Amino acid sequence: MSTSQPPSHAGSAHYYNAADLGKFSDIARGNSELARKFFDWYGAVFAEGALTQREKSLIALAVSHAVQCPYCIDAYSKDALEKGSNLDEMTEAVHVAAAIRGGASLVHGVQMLNHVDELGM
Amino acid sequence: MAYRCSITSTSWGCSRVSRILRTLQKRGSSLATGAGQRSRLAAIPTARSFERALGDAGLWPLRSLVLDILQINLGKRCNQTCKHCHVDAGPDRTEVMPREVVEAVLAFLERARIPTLDITGGAPELHPDFREIVVRAANAGAHVMHRCNLTAVLLPNYRDIPALLAAHRVEIVASLPYFQGRETDAQRGDGVFDESIESLRWLNSLGYGRGTGLALNLVTNPVGTYLPGNQAALEVRWKGEMRRRYGIEFDRLYTITNMPISRFLEFLDDREQTEEYLTRLVNAFNPAAAAGVMCRGTLSVGYDGTLYDCDFNQMLDLPVDGRGPRTIFDADVALLEGREILVGPHCFGCTAGAGSSCGGAVA
């Protein structure tokens, strides 16, 4: 048996670790070219453009909740505050995400109705 | 937070907490002394020391340049107890600059022809000689800056001060962490925001912030453990929001990073976020910001006349390099310019991102 220390994640009882966010750039280890392209593109997406950086940060915060990404919620809660957004705006953004998710479920109810109409008398 | 919320099976709600807190000194905290704070900071592991970061940027030892700003701290007395205050100021503090120090400051300002006198505290207005200092410094030809909490001038015996400041063309640098009450009051105390708006409207009515040469600059610092955003972008938004919501005009918005000392250090410790915050500052070290730190052109005078490289070193009891003059009584520009600046882990607060100074971002 090896006497070396196991990697820090070995034996971990959970999938998510807050410290992993800081290791995002390690993804380049397997393919640096793809990582470079991703991070360049990511940086360009969030640059000031037709939308301000603050607006993009709020969109990112909402999407983070829609895709339920803990890393992203961590990063964009902080980023939104740093960009000058406040709790009222951030809460409304999260409600937008929640409304779309809720609406997405509910609007499928029309499909259910179609089936009911087709199956029923 | 300035709000405490509770949810039970029958009710829920949030109520505000008290405006005035007891200072670290009053509570006998270990962070009430410079030595206590330095000891706490030294115990926090960082990836590299500030000296090393400066060395890597080719800036060590950091030396002062031409002395442009004489910043005087009139004392620790204040009518507010902001949670992030690096001075640990408050109503229960009694330290104020004695008369002989005031005279020595004004004599040095005139003798050395320092272009700017930057007055801070505590709430400087509460010093009995504040008005005289403003008038004599302005008459001596100095550009006078007043660091204002916006609420002290609303106290009954201080309502003459805004007109005095306007008459002597004093630049006002006013603290306002956010353009809404919730955030501002969470940091500065219940009701501070509404009073700040009242003061700002008053200053506008005197011509401040209206392009008449009476400069009204606002200072925002994060209401929490995050770093300030882009100063220029925030200024654009703030100008729009302050005008739209309150009809208030101002000149510049300065972003300032919360310094991990004194009451903000206690706040970080209470939340067990001190190491995380310092790491954030260390990781955001910007050599361009380090080259432009304000201590290079500033001399800071404590209430007792001791000289410091900056107001933060003053609170950590780190006087200027002992190889030169160390009090206002023997201050000599020729001996102070080019001095080696004393640094420590707290200095990462001024070099993170776009940097931070009493005049906002530096890089």
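**Notes on the A–B contact and the chain B fold**

1. Starting with where the chains meet: the contact draws nine residues from chain A and twelve from chain B. On the chain B side, helix H8 (residues 231–246) supplies the largest share, three residues. Sorted by class, that side of chain B has seven nonpolar residues, three polar ones and two charged ones. Keep in mind that this is a predicted model.

2. Now to a helix pair inside chain B. Helix H3 (residues 99–112) of chain B and helix H4 (residues 130–139) of chain B have axes that come within 10 Å and cross at roughly 15°. Angles under 35 degrees count as roughly parallel, so H3(B) and H4(B) are roughly parallel to each other. The crossing of H3(B) past H4(B) is right-handed.

3. Which residues make the contact between H3(B) and H4(B)? From H3(B) they are B:Val102, B:Leu106 and B:Leu109, and from H4(B) they are B:Ile133, B:Arg136 and B:Ala137. By class, the contact of H3(B) with H4(B) has five nonpolar residues, one charged residue and no polar ones.

4. Chain B also has an open sheet of eight strands with mixed pairing, in the order E8-E7-E6-E5-E4-E3-E9-E10. Strand E8 (253–255) and strand E10 (307–308) of chain B are the edge strands, each pairing on one side only.

5. Strand E6 (residues 171–175) of chain B runs parallel to strand E7 (residues 216–220) of chain B, and the two pair over four bridges. If you want a spot to look at, B:Ile172 has B:Leu216 in E7(B) as its bridge partner.

How values were computed. Residues are numbered from 1 along each chain as its sequence is written. Chains are lettered from A and ligands numbered from 1 in the order in which they are written. This is a predicted model: local features need pLDDT of at least 70, side-chain atom pairs count only at pLDDT 80 or more; totals for chains, interfaces and linings use all residues. Two residues are in contact if their C-beta atoms, placed from the backbone, lie within 7 Å. Ala, Val, Leu, Ile, Met, Phe, Trp, Tyr, Cys and Pro count as nonpolar, Asp, Glu, Lys and Arg as charged, and the others, Gly among them, as polar. Axes are lines fitted to C-alpha atoms, for helices over the stretch in contact, and angles run from 0 to 180 degrees between N-to-C directions. Angles under 35 degrees count as roughly parallel, over 145 as roughly antiparallel, 65 to 115 as roughly perpendicular and the rest as oblique. A crossing is left-handed if the near helix is turned anticlockwise from the far one by less than a right angle, and right-handed if clockwise. Two strands pair if DSSP finds at least two bridges between them.
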